[in-house]
Amino acid sequence: MWRSVVQRSGLRALVAEIRGDVCGYCLFHINDGKPSAYLHSLAITPEMKRQGLGRLLLGAAESEAVRVGRRLMRVDVRMDSPEAKLFYESAGYRFVSVKTVHYEDGSSATRMDKRIAGREFGKAGRLVEKVVCAAAAMLRRRLR
Ligand SMILES: CC(C)(COP(=O)(O)OP(=O)(O)OC[C@H]1O[C@@H](n2cnc3c(N)ncnc32)[C@H](O)[C@@H]1OP(=O)(O)O)[C@@H](O)C(=O)NCCC(=O)NCCS
């Protein structure tokens, strides 16, 4: 599995080091012609967990994806890893679907994604957008 991932074009790797010691990495794909980036793997050494390094690597991967024009980051998260699910949820990822027997050991994954570029509208934002559109339409009618 790893060989096929590394051989694919568009693979990017980020490594977190503290005083020369590797304490985490992140592998992600940015493929030509695809609007989304795919986060393949992210891990932090056990002794360095819960210190914000995972969030830092994830943010760096998202920034790079945005920089080269991607609008969405996708990730498949092992269903038997509640810490990973909570990690991605806390970073704004949402549930998309379940992928059964996704890993070589037969485990299933939860597909999650996050919009990483473009306009972010919450409930209030959508309301403001509707009001602005309605006002613009009214103005256009008056100017005719
Ligand atoms: C998932 C993983 C990458 C998180 O890395 P991390 O550096 O420990 O995470 P951070 O310190 O950046 O945590 C950011 C937020 O994620 C959430 N989070 C992370 N680990 C969590 C846990 N074990 N339980 C609950 N929430 C968690 C929290 O909201 C946390 O914010 P907080 O510490 O202010 O509460 C790390 O636990 C890991 O390497 N796990 C094994 C590999 C893995 O599952 N990778 C992900 C699948 S690709």
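Which strand holds the place of Lys 99? Lys 99 lies in β5, the strand of residues 94-99.

## Basis of the model

Residues are numbered from 1 along each chain, in the order in which its sequence is written. The model is predicted: local features need pLDDT of at least 70 and side-chain atom pairs count only at pLDDT 80 or more, while totals for chains, interfaces and linings use all residues.

## Overall layout

The chain has 4 helices and 6 strands. Helices (H or I, at least four residues) and strands (E, at least two) are DSSP runs, numbered from the N terminus. Read from that end, the order of elements is α-β-β-β-α-β-α-β-β-α.

Of the 144 residues in the chain, 19% are buried. A residue is buried if 20 or more other C-beta atoms lie within 10 Å of its own, exposed if 12 or fewer, and partly exposed in between, with C-beta atoms placed from the backbone. Two residues are in contact if their C-beta atoms, placed in that way, lie within 7 Å. Among contacts between residues at least 6 apart in sequence, 50% join residues at least 24 apart.

## Strand pairing

Two strands pair if DSSP finds at least two bridges between them.

β3 and β4 run parallel, joined by 4 bridges, and Leu 39 has Val 75 in β4 as a bridge partner. Together with α2, β3 and β4 make a right-handed β-α-β unit. Right-handed here means that, with the strands pointing away from the viewer, the path from the first strand over the helix to the second runs clockwise.

## The nonpolar core

A nonpolar core is a set of buried Ala, Val, Leu, Ile, Met, Phe, Trp, Tyr and Cys residues joined through C-beta atoms within 7 Å. The largest one has 18 residues, of which Cys 26, Phe 28, Ala 37, Leu 39, Ala 61 and Val 75 touch the most other members. At least two residues of this core come from each of β2 (21-29), β3 (36-44), α2 (53-67), β4 (72-78) and β6 (109-115). Leaving out residues up to four places away in sequence, Cys 26 touches Leu 14, Leu 42, Leu 57, Leu 58 and Ala 61.

## Around the ligand

There are 18 residues around the ligand, and Lys 49, Gly 54, Arg 55, Glu 83 and Ser 90 come nearest. A residue counts as near if its C-beta atom, placed from the backbone, lies within 6 Å. β3, α2 and α3 (82-90) each give two or more residues to this shell, and α3 gives the most, with 5.

The shell divides into 8 nonpolar, 6 polar and 4 charged residues. Ala, Val, Leu, Ile, Met, Phe, Trp, Tyr, Cys and Pro count as nonpolar, Asp, Glu, Lys and Arg as charged, and the others, Gly among them, as polar.

## Single residues

Lys 99 is partly exposed because 14 other C-beta atoms lie within 10 Å. Apart from neighbours within four places in sequence, Lys 99 is in contact with Asp 76, Ser 108, Ala 109 and Arg 111.

Arg 19 lies in the loop between β1 (11-18) and β2 and has a positive phi of about 45° although it is not a glycine. Arg 19 has 5 C-beta neighbours inside 10 Å, so it counts as exposed. Arg 50, in the loop between β3 and α2, has a positive phi near 60°. Arg 50 also counts as exposed, because it has 9 C-beta neighbours inside 10 Å.
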